Amino acid sequence: MLPIDAAAHASAWRRRHPADKAVLSFGLLGCAVALPPWPGAVLVAVTVLTIALGFAEVPARRLWRAARAPLGFAVTGALTLLVSIRADGVGWAPDGPRHAGELVARSGAAGLAMLLFAFTTPLSDVLPRLTRVGVPAAVVDVAAVMYRMLFLLYDTTARINQAQAGRLGHRTRRARWRSVAGLGSAVFVHAFARARRLEEGLAGRGYDGRLRVLVDEVPVSRGFVARSVFLVAAVVVATLLLESVMP
Amino acid sequence: MHIAEGYLPWEHAAAWGVASAPFVVHGARALTREVRDRPENTLLLGASGAFSFVLSALKIPSVTGSCSHPTGTGLGAVLFRPPIMAVLGTITLLFQALLLAHGGLTTLGANVFSMAIVGPWAGYGAYRLTRSLLDRRGGTMPLDVAVFAGAFVADLSTYCVTSVQLALAFPDPDSGFPGALAKFGGIFSLTQIPLAISEGLLTVLVVRLLRQSSRGDLIRLGVLTDARPVREEEKSK
C-alpha cells in the first residue's frame, strides 16, 4: 500500500464520515489559500499540526515524509521570485524575499491542510460517496476500479523491477532503457489482462454495468462539523485581527 | 511537474478550474456514453487509468544523466484519445494529490488543464498529423515517428502551459508577464527538452513492445489496423 493510504486506513479518525473531515480540512485549506499569508498561513499550519498530531494521531514521521517533497517544490519555485528580469539584465527583485516567504508559507500551510484529509480518509471511503455530490456513477466506477487496480500494478511493477535488476537490467544505460520500456509494456499487458479476467468474473455474477460496494453507514457528526466551522471561523477572525494590529 | 498545493493565488486556482471544467465534463459525458453502451469497458477504462497512474511513477533515465518521471499524457492520448484522457487524467491527478501529495486540490484545475487537457490534445494532434504525413510510406517507421512526436509534444506542451500558468500568477516586478515567462520557461526548457526527448524515446520502445505482445489490444484501441503491414519478425513467426 502507499504510505498515505496505509496511514489513512489506520487513522484514529478512520470511522468518521468523510464529510466531517472534509469540512475541517478543506475549510483550513481555503483559509491557507485565501487569507493573507502572514499571519494566516502560520495560524493554519499550527492549527493543522496540532489537530493532526494531537487529535487525529497522524504519525509525525510519515507526515513529514509526505510534506517534504511538495515543500521542496514550493521553495525551489519561490527562488525565482527573488530575481527580476530588466532591460539591462537580471537583478534582485524588490520585495523578492517577502514574496518568496509568503509563497512558501501559503503553499506549506495548504499542503498540510490537504494532508490532514489524506492521512485520515482512505479513498475507498470517499469514492462511493462521490455520486451523492453529483459525480456521474460511470466516472465513480472507473475511479474505483483504478484505485483497486493501481495497488496491484504497483506490486507488479516492483516485482518486475526487482527481476530486471537481478538480471543486470539496470547495469548500463542501454540496458536501463530497455528495462524501463519492458516494464511499461508489461504493466500495460498486466492491466488489460487483469481487467479482462475481472470482466469475465463479473459477467458470471450478473454484471449489469454498476459496481456496487458496501459502504459503512456512518452518520455525519453535527457536533464535529459545528466545531470545525467554529475553528475555521476562529482562524479567519484571528488572522484579520492580527493583521490589523501588526505593523 | 505538478503545481503544488496552495502554490497559486486563489483567483488563479479558481480560473484554471473554470477553464478545465468544460473539457472534463465533455470527457465525463463521453466516458458515461461508452460505459452505457459497453458496460464491460468500465474495467478496461479503470485499467487504463491505473496504467496511466503507474506509468507516471516510472523512473526514466534522462539524457542529462539524472532520472525523472514521464508524464504519460502522450501515450495515454494515443491509446485512449484526448476526451477520455481528460477524465482519466483528472482522476489520476486527484489520486496523486491524495495518495502521493503530488499536486493539490486547489491547483487541480491548473494541473488538469496542462496535463490532462493541453498535453493530450497537443500530443494527439502531433501524432495524427505525423501519421497522416508518413502513413503512405508503409512499414512500422511512421508509427514510431508519430508516437515519438506525440509523446514529445505532449510532454513539452504540458510544461509550456505550466510555465504560462506560473508566469501569469507571478509576473516579474519589472518586466511583467514576458519576463516571468522567460524565467519559468528558461528553467523548464533546460530540464524539460531532454526529458521530453527521453519520454518520446521511451514511449516508442513501449509501443514497439506492445505491438509484439498486445497487438490485439492496439487494434481494438485503433492504434493499429488489421491491414497494416506487420514487422518482418512477426511475419516469420
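Residues are numbered from 1 along each chain as its sequence is written, and chains are lettered from A, with ligands numbered from 1, in the order in which they are written. Because the model is predicted, local features need pLDDT of at least 70 and side-chain atom pairs count only at pLDDT 80 or more, while totals for chains, interfaces and linings use all residues; side-chain values use heavy atoms, with hydrogens and water left out.

**View 1. Chain B has nine helices and two strands.** Helices (H or I, at least four residues) and strands (E, at least two) are DSSP runs, numbered from the N terminus. Read from that end, the order in chain B is α-α-β-β-α-α-α-α-α-α-α. Chain B has 237 residues, and 59% of them count as buried; buried here means under 20% relative accessible area, exposed means over 50%, and partly exposed is in between (1.4 Å probe, protein chains only). Take the contacts in chain B between residues at least 6 apart in sequence: 68% of them join residues at least 24 apart. Contact simply means heavy atoms within 4.5 Å. Chain B exposes about 8800 Å², with carbon and sulfur atoms supplying 66% of that; accessible areas come from the Shrake-Rupley method with a 1.4 Å probe, and for residues only the protein chains shown count as cover.

**View 2. Chain B meets chain A through 75 of its residues, which touch 68 residues of chain A.** The area buried between chain B and chain A comes to about 6100 Å², and carbon and sulfur atoms give 79% of it.

View 3. On the chain B side, the elements that give two or more residues are α1 (10-37), α2 (41-55), β1 (60-61), α3 (73-80), α4 (82-100), α7 (176-213) and α8 (215-220). The largest share, 13 residues, comes from α7(B). By class, this side has 49 nonpolar, 18 polar and eight charged residues. Ala, Val, Leu, Ile, Met, Phe, Trp, Tyr, Cys and Pro count as nonpolar, Asp, Glu, Lys and Arg as charged, and the others, Gly among them, as polar.

**View 4. B:S214 sits in the loop between α7 and α8 of chain B.** B:S214 counts as buried because its relative accessibility is 6%. Setting aside neighbours within four places in sequence, B:S214 is in contact with A:F188 and A:V189.

**View 5. B:V35 is part of helix α1 of chain B.** B:V35 has 7% relative accessibility, so this residue counts as buried. Beyond its neighbours within four places in sequence, B:V35 is in contact with A:A138, B:T42 and B:L45. B:A14 is 21 residues from B:V35 in sequence and 30 Å away in space, C-alpha to C-alpha.

**View 6. B:D144 belongs to helix α6 (residues 141-169) of chain B.** B:D144 counts as buried, at 10% relative accessibility. Apart from neighbours within four places in sequence, B:D144 is in contact with B:V204, B:R208 and B:R211.

**View 7. B:E34 and B:R38 form a salt bridge, 3.3 Å from N to O.** B:E34 is partly exposed, at 24% relative accessible area, and B:R38 is partly exposed too, at 40%. Over in chain A, salt bridges that share partners join A:D95, A:R98 and A:E102 into one network.

Definitions and conventions: Buried area is the accessible area (1.4 Å probe) that two parts lose on being put together, summed over both. A salt bridge is a side-chain nitrogen of Lys or Arg within 4 Å of a carboxyl oxygen of Asp or Glu.
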